[in-house]
Amino acid sequence: MASIKQMDYGTPERVSDTQVTLDIDGRVVMVPAGTSIMRAAAEAGINVPKLCATDSIEAFGSCRLCMVEVEGRKGTPASCTTPVMPGMKVKTQTSRLEKLRRGVMELYISDHPLDCLTCPTNGDCELQDMAGVVGLRQVRYGFDGANHLKAEKDESNPYFTFDPSKCIACSRCVRACAETQGTFALTIAGRGFDSIVSAGAEESFMDSECVSCGACVQACPTATLMEKSVIEHGMPEHAVQTTCAYCGVGCSFRAEMQGDTVVRMVPDKEGGANEGHSCVKGRFAWGYATHQDRIYKPMIRERITDPWREVSWEDAIGYAAQRLRAVQAKYGKGSIGGITSSRCTNEEVFVVQKMVRAAFGNNNVDTCARVCHSPTGYGLKQTFGTSAGTQDFASVDDTDVMLLIGANPTDGHPVFGSRMKKRLRQGAKLIVMDPRRIDLVKSPHVKAAHHLQLRPGANVAAVNALAHVIVTEGLVDEAFVAERCDPVEFDRWRAFIAEPRNSPEVTEPLTGIPASEMRAAARLYATGGNGAIYYGLGVTEHSQGSTMVMGMANLAMATGNIGRRGVGVNPLRGQNNVQGSCDMGSFPHELSGYRHVSDDAVRSVFEEVWQAALDPEPGLRIPNMFDAATHGTFKGLFVQGEDIAQSDPNTHHVTSALEAMECVIVQDLFLNETATFAHIFFPGTSFLEKDGTFTNAERRINRVREVMAPKTGKAEWQVICDLVTAMGYPMHYDNASQIMDEIARLTPTFRGVSFEKLDRLGSVQWPCNDAAPEGTPLMHVDGFIRGKGRFMITEFVPTEERTSRYFPLILTTGRILSHYNVGAQTRRTANVAWHPEDILEVHPHDAEERGLRDGDLVSLASRVGGTTLRAKISDRMPQGVVYTTFHHPVTGANVVTTEHSDWATNCPEYKVTAVQVTRSNQPSDWQVQYESDGIQRRQIAPASPPQAAE
Ligand code: SF4
Ligand code: SF4
Ligand code: SF4
Ligand code: FES
């Protein structure tokens with residue numbers, strides 16, 4: 001359990017090779033040059049009073065409460081803005097300082113409501129604390145003068161209030177919004193006494209640019225900016241450190257609690273991935289965990305048209321075991337399989353894949369990473385030798401040129417997006433390659449040097465064009481390539497890429513990017529200093545996703561941008577544990593640590609520990625499972641925390657496959673779309689009820705701690721143990737820590753990982769083993785994991801999905817800040833205030849051609865299906881391209897997407913679908929049927945009427 005308050009050193013940490021020694025109140029203190037007197041004092045245990053300073057933002061020096069005396073200097077400098085000097089002698093407590101500080105506090109308090117006893121932050125207010133610290137006993141000016149006590153509250157934001165009557169105009173919020181978040185939504189309007197914090201142009205918070213990250217609330221020393229949950233529940237009494245369960249940034253949080261009620265989630269300053277920052281999802285959107293839709297009891301039914309029946313765990317597990325074994329007896333050992341979830345912990349994922357391999361006796365296990373980052377795994381393994389990003393997030397602080405491809409970090413990975421913006425404001429350059437004009441192309445104080453607005457589907461042609469410029473203009477880092485890369489592969493690649501067909505001029509008609517712009521971007525990346533590539537699903541979810549990943553790896557190797565801080569090739573992973581679910585051996589061909597199932601030596605190690613014979617043949621991937629189900633050979637599926645009926649492409653095909661199965665088991669928080677086709681429902685646990693680890697996009701293994709006991713009565717891994725034991729394969733662990741010990745024993749890159757180490761160090765990045773006992777922030781420093789870096793030929797092959805007279809537009813999909821994937825969690829929070837439905841962005845020209853206006857209901861149809869949704873006229877997309885999100889099941893964006901997929905990994909081509917858009921005035925047939933079927937198939941049988949007493 002963590003203490004409620006984290007130490008505030010007043011000003012940010014400084015890093016310097018030079019150490020400065022000084023004397024503060026008679027104590028000798030040594031700190032790095034550039035450190036403020038305030039921080040040096042705090043590090044020595046001396047707390048100088050302060051109001052406008054906090055250690056997450058630069059000092060401003062406005063409140064004058066922190067003044068100190070420095071020997072040999074006139075006046076009383078502010079300790080927050082005065083850096084230490086060698087030999088300085090500082091006094092923080094003198095009678096003169098005491099008097100001055102009391103005078104300052106008197107002024108603040110004379111314009112502040114004296115309602116401390118009923119104030120929601122009573123006991124957690126720095127103004128209150130400072131009044132006590134400086135010994136303020138009276139306010140000579142009275143409270144009758146001009147004041148702000150009647151200023152109106154702004155309660156527009158669903159999660160926090162703004163009460164200007166309590167504002168002391170310290171501007172911590174304004175600076176947090178600018179420096180930490182990078183949104184610049186707040187200003188101090190007016191001057192002197194009339195100074196007031198204003199969101200946007202005197203708008204409400206909801207109407208302003210505010211993205212509800214909570215940084216201002218966190219920075220506010222008073223109750224002016226306050227979480228509504230604290231107003232409702234009161235102050236928390238204990239805190240538990242844990243990890244956000246949304247995106248792959250993996251922010252650390254302190255769940256601040258009253259008993260087992262979460263009062264608020266506060267970003268952890270010690271968090272390796274977020275260093276005290278957060279986004280609206282992790283900070284505020286956790287209410288889904290106790291939403292009324294949660295299912296807490298196991299349920300079963302004979303047929304999917306029957307109503308659900310609540311049963312005991314014992315009965316549900318027995319029924320599931322019997323049905324799975326019956327399917328295997330009838331259709332063979334390979335007729336069942338499982339899908340693991342990237343939202344679950346490493347430990348939960350590990351036991352599911354172990355269940356499939358050891359108890360089901362086959363390798364039919366796959367993970368939802370199949371539909372997002374499987375090409376990352378393939379592409380980076382082929383080129384560098386390991387299936388993971390190369391850097392830690394902090395590395396971007398040393399980047400000079402960011403090449404951002406097919407990712408929208410300010411929406412998808414907001415905390416890292418803020419870090420990128422900070423570095424860009426410091427002068428780093430940005431190249432964005434994306435069909436859509438994402439916010440980073442132009443936002444306050446950030447402007448991309450190049451926006452390469454390519455046509456969806458032309459990624460490989462574009463990356464080849466960049467490489468062509470580098471090779472033909474003599475920009476290759478020959479020394480790096482000679483020392484670090486395979487020379488034969490490089491020569492082959494150099495000859496291929498130098499062919500004129502890869503030039504920006506020849507590929508311009510394919511990519512839509514002017515050749516001059518492409519050439520300028522390539523030169524900037526190759527010569528602008530440290531170049532780092534960041535990318536997302538706009539790279540992987542294509543028929544050439546794996547080729548594109550290899551193309552980016554080629555680019556990084558050719559320019560020597562690998563193996564040190566500030567460079568690298570970095571996937572921005574979508575879900576919280578997508579890296580971990582892959583690491584844990586969820587792919588049908590790989591055991592944990594990415595070792596092939598056909599490797600006898602590797603398999604025998606697992607066989608000995610698991611006491612089971614393992615199949616050397618790779619199993620079925622998710623799309624193969626669906627195909628086999630429709631052909632009648634795959635009949636049973638365990639789905640862990642994933643909604644394949646909503647998230648996978650070509651919904652009709654997925655649902656037909658599910659309907660054809662005889663035993664579908666869903667383990668989830670809610671009766672999701674997939675549960676519509678299930679026979680057994682195991683209620684899952686939210687991240688607040690889990691004990692284990694998540695691994696984020698930078699390979700950082702973070703602890704997830706049980707904030708409250710599982711509301712279902714069982715941890716998810718316990719359910720799996722009970723199920724396989726009932727199937728005849730005994731499996732038992734006392735706790736999640738023992739599962740990690742088994743992972744460490746069986747997985748070389750995790751050999752040094754244990755809960756004890758994670759609790760001690762906070763987090764570690766794998767590989768963590770004897771060679772790197774505290775983990776590995778940067779990969780491939782002295783050499784590639786595979787030995788020599790391997791350049792791969794990346795021939796551009798256009799997708800089979802083509803526009804035509806009937807389907808003349810290209811649909812591409814993405815996600816937005818307030819929602820997360822299929823929306824199962826965020827739709828059950830107040831985040832719907834920002835995005836109540838999915839909308840279709842249509843270019844003004846395309847809209848005009850079709851007679852569409854903003855807000856019109858439109859029909860969106862592809863070769864495989866159709867749906868309806870509202871249109872928004874937007875020039876963010878180029879002409880000919882439309883864009884939507886897939887957060888709301890009733891939209892069913894994946895009814896429209898096709899089954900085209902990556903040639904190497906089967907990752908679906910979500911990003912390119914030929915469609916037509918027309919005006920409509922009614923929901924599609926699919927939506928009408930979805931509503932009625934869904935309602936019927938989610939019915940839970942009423943409890944049996946009580947028996948009359950004898
Ligand atoms: S919540 Fe975040 S974005 Fe909104 S005003 Fe506060 S710091 Fe700025
Ligand atoms: S709202 Fe809070 S942080 Fe912002 S100026 Fe007022 S007191 Fe300071
Ligand atoms: S950036 Fe990602 S991990 Fe961090 S709080 Fe937001 S959703 Fe959670
Ligand atoms: S804390 Fe230093 S001037 Fe306010």
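Select arginine 699, which sits in the loop between β28 (692-695) and β29 (700-704); strands here are DSSP runs of E with at least two residues, and helices are runs of H or I with at least four, both numbered from the N terminus. The coordinates are a predicted model, in which local features need pLDDT of at least 70 and side-chain atom pairs count only at pLDDT 80 or more, while totals for chains, interfaces and linings use all residues. Residues are numbered from 1 along each chain as its sequence is written, chains are lettered from A and ligands numbered from 1 in the order in which they are written, and side-chain values use heavy atoms, with hydrogens and water left out.

Arginine 699 is not a glycine, yet its phi is positive, about 65°. With 0% relative accessibility, arginine 699 counts as buried (under 20% relative accessible area; exposed is over 50%, partly exposed in between, with a 1.4 Å probe and protein chains only).

Now display the two strands beside this residue. β28 and β29 form a hairpin with four residues between the strands. They run antiparallel and are joined by four bridges; two strands count as paired if DSSP finds at least two bridges between them. Phenylalanine 694 faces asparagine 702 of β29. In a regular strand the side chains alternate between the two faces of the sheet. In β28, Gly692 and Phe694 lie on one side and Thr693 and Thr695 on the other, and all of them are buried.

Next, select serine 212, in the loop between β7 (196-199) and α5 (215-219). Serine 212 is another residue other than glycine with a positive phi, here near 60°. Its relative accessibility is 1%, so serine 212 counts as buried.

For a backbone feature of another kind, go to tryptophan 766 and proline 767: the peptide bond from the former to the latter is cis, with omega near 0°. Proline 767 belongs to the loop between β30 (763-765) and β31 (809-814).

Move to the open sheet of three strands, ordered β9-β10-β11 with antiparallel pairing. At its edges are β9 (238-243) and β11 (261-267), each of which pairs on one side only. Neighbouring strands are turned by 30° against each other on average, direction ignored; the axes are lines fitted to C-alpha atoms, and angles run from 0 to 180 degrees between N-to-C directions. β10 (residues 252-258) and β11 share six bridges, and alanine 255 has methionine 265 in β11 as its bridge partner.

Then centre the view on ligand 2. Around it are 13 residues, of which Cys167, Cys170, Ser171, Cys173 and Cys220 come nearest (a residue is near if one of its heavy atoms lies within 4 Å). The shell comprises nine nonpolar, three polar and one charged residue, where Ala, Val, Leu, Ile, Met, Phe, Trp, Tyr, Cys and Pro count as nonpolar, Asp, Glu, Lys and Arg as charged, and the others, Gly among them, as polar.

The last stop is the second largest pocket, with a volume of about 960 Å³. A pocket is an open set of points on a 1 Å grid over the protein atoms alone, where a 1.4 Å probe fits, with protein on both sides within 12 Å along at least five of seven lines; lining residues have an atom within 4 Å of a point. Grid points are joined across faces, edges and corners, and the volume is the space filled by probe spheres set on the points. Of its 33 lining residues, select Val211, Asp411, Asp439, Leu817 and Arg876, the closest to the centre. α12 gives the most to the lining, with three residues.
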